Amino acid sequence: MIEVGNIFEGRVTGIKPFGAFVALPEGRVGMVHISEVSNSYVQDIAAVLHEGETVKVKVISISPEGKIALSIKQLLPPPERPAREGRGPRPDRPRDNRGGPRGAKRPARDDGPRVWQPRPPAKSDNLSFEDMMSRFKSQSESKLADLDHESGGRRGGSASRGRRGGR
């Protein structure tokens, strides 16, 4: 009986651009989609499989209509993943079992969704509103003077234009 998870040897009976048809026991036919042929990218399935070839396949699904989806890839050993440059633990730093630096604290995942919160206002050293405004004004004037000095007195617009709207 053909069931999901079963492994069979079958014969390739047809090749299409999207996959290969494989004859199974009980006179049934299944299809190996091109994405289930190999661990690497397959551009042309005809370059990998040929009609009449015997292949080992795994049943990955059976649709209500009786269509059988097969995989060759799931029976292959997993591909070796190359080490990513600049990644991985550094030998000079101890790691905890989560992969982070030992002793590092992480927020618990069950705290619920993270919601943006505004930052508290900067310390004002108990200044009055007027004093804070005065400080802001002097800092702003200082920044504008620096900008004016760096730009050579040109802050946009054209010098030949003069006043707006007037003649």
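This is a predicted model: local features need pLDDT of at least 70, side-chain atom pairs count only at pLDDT 80 or more; totals for chains, interfaces and linings use all residues.
## Surface and overall make-up

Residues are numbered from 1 along each chain as its sequence is written, and side-chain values use heavy atoms, with hydrogens and water left out.

There are 5 strands and 1 helix in the chain, running in the order β-β-β-β-β-α. Helices (H or I, at least four residues) and strands (E, at least two) are DSSP runs, numbered from the N terminus. Of the 167 residues, 17% count as buried; buried means under 20% relative accessible area, exposed over 50%, and partly exposed in between (1.4 Å probe, protein chains only). Among contacts with a separation of 6 or more, 48% come from residues 24 or more positions apart, where contact means heavy atoms within 4.5 Å.

## The S71 and E36 pair

S71 sits in strand β5 (residues 68-71) and counts as buried because its relative accessible area is 0%. E36 is in the loop between β3 (29-33) and β4 (54-62), and is buried too, at 15%.

The two side chains make a polar contact of 2.5 Å (a pair of N or O atoms within 3.5 Å; within protein, one must be able to donate a hydrogen and the other to accept it, and residues adjacent in sequence count only if both atoms are side-chain atoms). The S71 side chain also reaches the backbone nitrogen of Q74 at 3.0 Å. Setting aside neighbours within four places in sequence, S71 touches E36, K56, V57, K58 and I60, while the contacts of E36 include I60, L70 and Q74.

## Helix α1

Now for the helix. F136 belongs to α1 (residues 129-150) and counts as exposed because its relative accessibility is 51%. The helix has 22 residues and spans 32 Å from first C-alpha to last, close to the 32 Å expected at 1.5 Å a residue (1.5 Å times one less than the number of residues). After α1 comes G152, with a positive phi near 70°.
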